[in-house]
Structures are given as structure tokens and as C-alpha cells.
Amino acid sequence: MPDLFAYTDGACSGNPGPGGWGVLLRAMDGDTIVKEKELQGGEAETTNNRMELLAAINALESLARPSTITVVTDSAYVKNGVTGWIFGWKRNGWKTSSKKPVKNVELWQQLDAAQARHKVTWEWVKGHAGHPENERADELARAGMAPFKKKKSA
């Protein structure tokens with residue numbers, strides 16, 4: 001059984017502003033790439049955090065069957081949220097420790113549901129640090145954002 005990885009990234013031009021998300025899905029057998037798939041999308045008016053969440057959601061929702069997967073993100077927000085904060089939020093009725101509503105709650109709930117059918121390991125990597133798969137996910141996120149960016153007039 002090959003090892004499955006999802007490299008995810010979000011991008012935003014302005015925050016809020018037009019944004020995009022990208023995913024590089026890769027099945028590996030040792031050091032050999034067995035299969036690869038790329039996903040991307042975007043929105044006209046969004047935030048970087050929403051795009052980071054949508055990248056992870058789309059990676060997990062794209063899997064046809066329950067899988068063991070490592071999701072690699074450069075977003076501490078996503079990694080810390082899904083591996084730590086989310087448990088308290090759910091316990092507190094989707095409120096933060098200061099009793100405020102969780103930002104992006106519908107996306108956190110969607111991510112929680114998407115990961116429930118899989119065995120997910122979450123890894124954080126430093127963004128824009130020459131990590132080839134993270135750089136590719138960033139390129140996909142920027143491509144996903146491109147249709148939503150306003151054209152500059154000459």
C-alpha cells in the first residue's frame with residue numbers, strides 16, 4: 001500500500017481580497033511517486049486563513065475512500081486548530097476560550113467532518129523555504145487565485 005501525502009497551501013492578495021488554495025496529492029512507494037494529482041480553486045473576496053482551511057478540506061474530500069494520509073501544511077493556524085484548539089471549541093459549542101464565536105466555524109466543522117473518515121497525520125513545514133512540494137502547492141494556490149484578481153489597467 002503506497003503512502004499518501006497531501007501538500008496544501010492557501011494564498012491571498014490582500015487580506016481580505018482575492019484568494020486561492022492548492023493541493024498536491026501524492027502516493028509514494030518508498031522514494032517512488034506512484035500517482036500524483038493537483039487541485040486548485042479560489043474565491044473573489046476571502047482571507048488567507050479561509051484558503052488554508054479550504055486547501056486541507058479539498059484534499060481530504062477528494063479521497064474516494066477512507067485513507068491513511070499525511071497532510072503537510074505551512075499554516076500553523078490549520079495545524080494547531082485541527083490538532084489542538086478544535087477539541088475545546090467543540091466542547092464549548094464552537095466558542096473560543098474567551099467565549100467568542102470561532103472564526104471560520106463552518107470551515108472548521110467541514111474540516112472536522114472531512115478528516116473523520118480518514119486516519120490523518122498533520123505536519124507543519126515552514127512556508128517559502130524551498131520545500132519543493134510546499135512550493136508546488138503555493139503555485140497551485142496562486143493559480144487558483146488568478147481568475148479572481150482584478151486586472152490592472154495599463
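The lining of the largest pocket divides into ten nonpolar, four polar and six charged residues. The model is predicted, so local features need pLDDT of at least 70 and side-chain atom pairs count only at pLDDT 80 or more, while totals for chains, interfaces and linings use all residues. Residues are numbered from 1 along each chain as its sequence is written, and side-chain values use heavy atoms, with hydrogens and water left out.

**Exercise 1.** Describe the largest pocket and its lining.

*Solution.* 
1. A pocket is an open set of points on a 1 Å grid where a 1.4 Å probe fits, with protein on both sides within 12 Å along at least five of seven lines; lining residues have an atom within 4 Å of a point.
2. The volume is about 560 Å³.
3. Of the 20 lining residues, Leu 4, Ala 27, Leu 63, Arg 65 and Ser 67 are the closest to the centre.
4. β3 gives the most to this lining, with four residues.

**Exercise 2.** Identify the residues with the most contacts inside the largest nonpolar core.

*Solution.* 
1. A nonpolar core joins buried Ala, Val, Leu, Ile, Met, Phe, Trp, Tyr and Cys residues through side-chain atoms within 4.5 Å; buried means under 20% relative accessible area (1.4 Å probe, protein chains only).
2. Helices (H or I, at least four residues) and strands (E, at least two) are DSSP runs, numbered from the N terminus. Helix α1 gives the largest share of this core, eight residues.
3. A second, separate core has five residues, including Tyr 7 and Leu 24.

Key. Buried means under 20% relative accessible area, exposed over 50%, partly exposed in between (1.4 Å probe, protein chains only). Grid points are joined across faces, edges and corners, and a volume is the space filled by probe spheres set on the points. Ala, Val, Leu, Ile, Met, Phe, Trp, Tyr, Cys and Pro count as nonpolar, Asp, Glu, Lys and Arg as charged, and the others, Gly among them, as polar.
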